[in-house]
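Visitor: I would like to be walked through a protein model, one question at a time.

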Amino acid sequence: MKILVPVKRVVDYNVKVRVKPDNSDVDLANVKMDMNPFCEIAVEEAVRLKEQGTATEIVVVSIGEAKAEEQIRKAMALGADRGILITTDEAPSSLGVAKLLKAIVDEEQPGLVLLGKQSIDSDNNQTGQMLAALTGMAQGTFASQLLIDGDKAQVTREIDGGLQTLSLNLPAIITTDLRLNEPRYAKLPDIMKAKRKPLDKKTAADYGVTLSNSVKVLSVEPPAERKGGITVGSVAELVDKLKNEAKVLS
Amino acid sequence: MSILIIAEHDNASLAPVTSHVVTAAAKIGGDIDVLVAGSGAQSVADEAAKLSGVNKVLFADDAAYSHQLAENLADLVAELGKSYSHILAPATTNGKNMMPRLAALLDVEQISDILSVESADTFKRPIYAGNAIATVQSSDSIKVITVRGTAFDACELNGSASVEAVTGGHDKGISAFVGEDLAKSDRPELTAARIVVSGGRGMQNGDNFKLLYTLADKLDAAVGASRAAVDAGFVPNDMQVGQTGKIVAPELYIAVGISGQIQHLAGMKDSKVIVAINKDEDAPIFQVADYGLVADLFDALPEFEKAL
């Protein structure tokens, strides 16, 4: 089975971003970038399926700026076999990405598409579900466990009340949650080897997809700051403050 | 303008978060209809009819909708939703699962997790784990939106909308429910509780969470956890508060043994009053806390409980 893994280049998860003074966007100049953590979990899951003999080939794709090649190479160092980089002039919308991925699915005919459930920059949590709609496939979102059994995928999902297990016809779209696996680190020889793995460089136009975004960002502001709090010296003082100052306990 | 709200429910009762979405819809303005799609969910439809400001309840009762499978539900809503200007659902795991699928079927973008309604086409939403708030404007003919329940008040429950059955029950046949493992608790639901007590890695193990349960029961509070505590296996995933877990905004949030990573803060910093108990005085949680107590939680928790 071929597995397609779309990955996104985003700000490193440890970075606390700041809003630009003109409120046009966040300031990402000289900020450390990395693969979106949920995408890393998707790559890891694909690699494990290949190690188990379920998957035969892992194709990783990234859409965005040319520098996203770094994230594709990282996925290759972790075990992906080849890559597709689609460069775009502007950051594409979720639906735009889903349309490009649909074109790639049509071309590659994967048995499974594994994606992160959300990117930690736009926090949208949309692309996998949109791709599922466009391809007419079943979707297993927020997966914490994935079992492939013949032409079905059994996926356990993290839902508000606990866990839910679904059986999906393959090919299917799976989006990863945090507990699906713990991604490995790339080894140096694998990082060197990844540099020689095949990478196709494309543009959106190559797939006949016109990117547009019907949702315009008017402004970006920092969130309301919390007023500085106080340190209390004892539990008794804490309870007193909660009862008599904050009045949240009676 | 006309708005369709997708009701959140478990076939037996309507989840309170739906009433918060009605308030968001009222801010957009226009006729508000609510879709209850479920199986044997008549009581939910009856409850939804009481939501104030709702014009009509559309009731799709079919086995295909019994577990809110996105494949079946999105097809139904795409069909029903064509005549509406806005389709809203709470940003619950059900809403997050189905709404983007619906949006793609309608060939529109989806706007996730709105915090406010600025106008009928302009909304605020958090990005970068809530470290920035974007104001976005949509030019789509149908606006598909998920709503952060804690950002809007609940609506009143003195309405008397009509309930209209809709047909079109169709099982797409590509996905099936196998089973579920739902947490059973007598405590209030995390996202709706007035007080939330949360534990982190500092709790050391799952057994020690009993200290939090005892305190929570005394306060009629819900119990949450940081990602670190969930990843370490202390407690199940449905207790996680944070960027990718549950978003809470109670009147009182008590963080115990939680360091305060930005991903956790994203899930709780809109709480009215925040208390942090941690023995590390440099823990970032103290920067957002209204009341910080530098203490060993194993001393502080029993003392706290006794003082109530």
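The questions and answers below go through the chains and some of their residues.

Visitor: What kind of model is this, and how are its parts numbered?
Guide: This is a predicted model, in which local features need pLDDT of at least 70, side-chain atom pairs count only at pLDDT 80 or more, and totals for chains, interfaces and linings use all residues. Side-chain values use heavy atoms, with hydrogens and water left out, while chains are lettered from A and ligands numbered from 1 in the order in which they are written, and residues are numbered from 1 along each chain as its sequence is written.

Visitor: How many helices and strands does chain A have?
Guide: Helices (H or I, at least four residues) and strands (E, at least two) are DSSP runs, numbered from the N terminus. By that rule, chain A has 6 helices and 15 strands.

Visitor: What share of the residues of chain A counts as buried?
Guide: Buried means under 20% relative accessible area, exposed means over 50%, and partly exposed lies in between, with a 1.4 Å probe and protein chains only. The C-alpha atoms of chain A fill a box of roughly 65 × 45 × 40 Å along the principal axes. Of the 250 residues of chain A, the buried share is 54%.

Visitor: Among contacts in chain A between residues at least 6 apart in sequence, what share joins residues at least 24 apart?
Guide: A contact means heavy atoms within 4.5 Å. Among the contacts of chain A between residues at least 6 apart in sequence, the share joining residues at least 24 apart is 70%.

Visitor: Is A:Gln71 buried or exposed?
Guide: A:Gln71 is found in helix H2 (residues 69–78) of chain A, and 7 of the 10 residues of H2(A) are buried. Leaving aside neighbours within four places in sequence, A:Gln71 is in contact with A:Val7, A:Lys8, A:Arg9, A:Met33, A:Asp34 and A:Met35. Its relative accessible area is 3%, so A:Gln71 is buried.

Visitor: Which residue follows H2(A) with a positive phi?
Guide: The buried residues of H2(A) include A:Ala77 and A:Leu78. After H2(A) comes a residue whose phi is positive, near 140°, and this is A:Gly79.

Visitor: Where is the charged end of A:Lys117?
Guide: A charge sits over a ring if NZ of Lys or CZ of Arg is within 6 Å of the ring centre and within 35 degrees of the ring normal. The charged end of A:Lys117 is 5.7 Å from the centre of a ring and sits over it; the ring is that of A:Phe142.

Visitor: Which peptide bond is cis, with omega near -5°?
Guide: Most residues other than glycine have a negative phi, and most peptide bonds are trans. A:Pro171 is in the loop between strand E11 (162–169) and strand E12 (172–176) of chain A. The cis bond, with omega near -5°, runs from A:Leu170 to A:Pro171.

Visitor: How are the rings of B:Phe209 and B:Tyr213 placed, stacked or tilted?
Guide: Rings of Phe, Tyr and Trp (its six-membered ring) pair if their centres lie within 6.5 Å; planes under 30 degrees apart count as stacked, over 60 as edge-to-face and the rest as tilted. The whole structure holds 2 aromatic pairs over all chains. In one of them, the centres of B:Phe209 and B:Tyr213 are 6.4 Å apart and the planes are at 50°, so the pair is tilted.

Visitor: How many residues apart are B:Phe209 and B:Tyr213 in helix H5?
Guide: B:Phe209 is buried, with a relative accessible area of 0%, whereas B:Tyr213 is partly exposed at 22%. Both are in helix H5 (residues 209–219) of chain B, about one helical turn from each other, and the separation is 4 residues.

Visitor: Which residue forms one aromatic cluster with B:Phe209 and B:Tyr213?
Guide: The cluster contains B:Phe209 and B:Tyr213.

Visitor: Is B:Asp220 buried or exposed?
Guide: B:Asp220 is in the loop between H5 and strand E13 (222–225) of chain B. Its phi is near 55°, a positive value in a residue other than glycine. With a relative accessible area of 55%, B:Asp220 is exposed.

Visitor: Is B:Glu79 buried or exposed?
Guide: B:Glu79 is in helix H3 of chain B. Helix H3 (residues 70–81) is mostly covered, with 10 of its 12 residues buried. At 54% relative accessibility, however, B:Glu79 counts as exposed.
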